[in-house]
Amino acid sequence: MADLIVFLVLLGLGYGFGQYFERRHYRSIRKREAELKDLLLIQTKIIPPAYFNNYDTFLVSGSVVISVDYFKRFVAGLRNLVGGRVTPYETLIDRARREAILRMKEEAKESGANIILNVKYEMCSIYKGRRNKIGSVEAFAYGTAFSPTIAIPVSSAPAAALSSSTNEA
């Protein structure tokens, strides 16, 4: 009986601390997403004509490794018995993807970029625990950042670049 009580107490503590840290991470993500909302991400390989001239291009990337807590692993194991969506892993993947994109945007902003094109991301499981269960996942986001080479206001950057390229022709 004492073993069951210890198990339930540890399970409850794992749940409580896991929920606390996940909520705290989501608050941080939402705050940083709001700060970086003006930095555009576009998932296209075609460069708009406005960005042909007066822009420097460079690769930006963001990477993060997030580990699943024991409570989520326990719940996912129970969910595998009955089937259906494994929501504990869905939140893990969502947090990893959003964090990697935020780190990529932060790198681009520090370099003076105002848009990132051809954005891609990759995810992989980098640690398998006992019995090949997911332990940690890595998310890697990357894209081509465009930084103006001349002083162009951020709000009119594409229009100004387009008008200067048509005037030169």
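Asp 94 and Arg 98 pair up through their side chains in a salt bridge, 3.4 Å from N to O (a side-chain nitrogen of Lys or Arg within 4 Å of a carboxyl oxygen of Asp or Glu). Both sit in helix α3, four residues apart, about one turn of the helix. This is a predicted model, where local features need pLDDT of at least 70, side-chain atom pairs count only at pLDDT 80 or more, and totals for chains, interfaces and linings use all residues. Residues are numbered from 1 along each chain as its sequence is written, and side-chain values use heavy atoms, with hydrogens and water left out.

**Salt bridges**
- The structure holds seven salt bridges.
- One of them joins Arg 32 to Glu 99, with the closest N and O atoms 2.7 Å apart.
- That pair links helix α1 with helix α3, across 67 residues.
- Glu 106 also meets Arg 32 in a salt bridge, at 3.0 Å from N to O.
- Glu 106 is in helix α3 and Arg 32 in helix α1, so this pair ties together parts 74 residues apart in sequence.
- Arg 32, Glu 99, Arg 103 and Glu 106 are linked in a salt-bridge network.

- Arg 32 is buried, at 16% relative accessible area (buried means under 20%, exposed over 50%, partly exposed in between, with a 1.4 Å probe and protein chains only).
- Arg 98 is buried too, at 18%, while Glu 106 counts as partly exposed at 28%.

**How the helices meet**
- The axes of α1 (residues 2-35) and α3 (residues 87-110) come within 10 Å and cross at roughly 35° (axes are lines fitted to C-alpha atoms over the stretch in contact, with angles from 0 to 180 degrees between N-to-C directions; helices are DSSP runs of H or I, at least four residues, numbered from the N terminus).

How values were computed:
Helix = DSSP H or I, 4+ residues; strand = E, 2+ residues; numbered from the N terminus.
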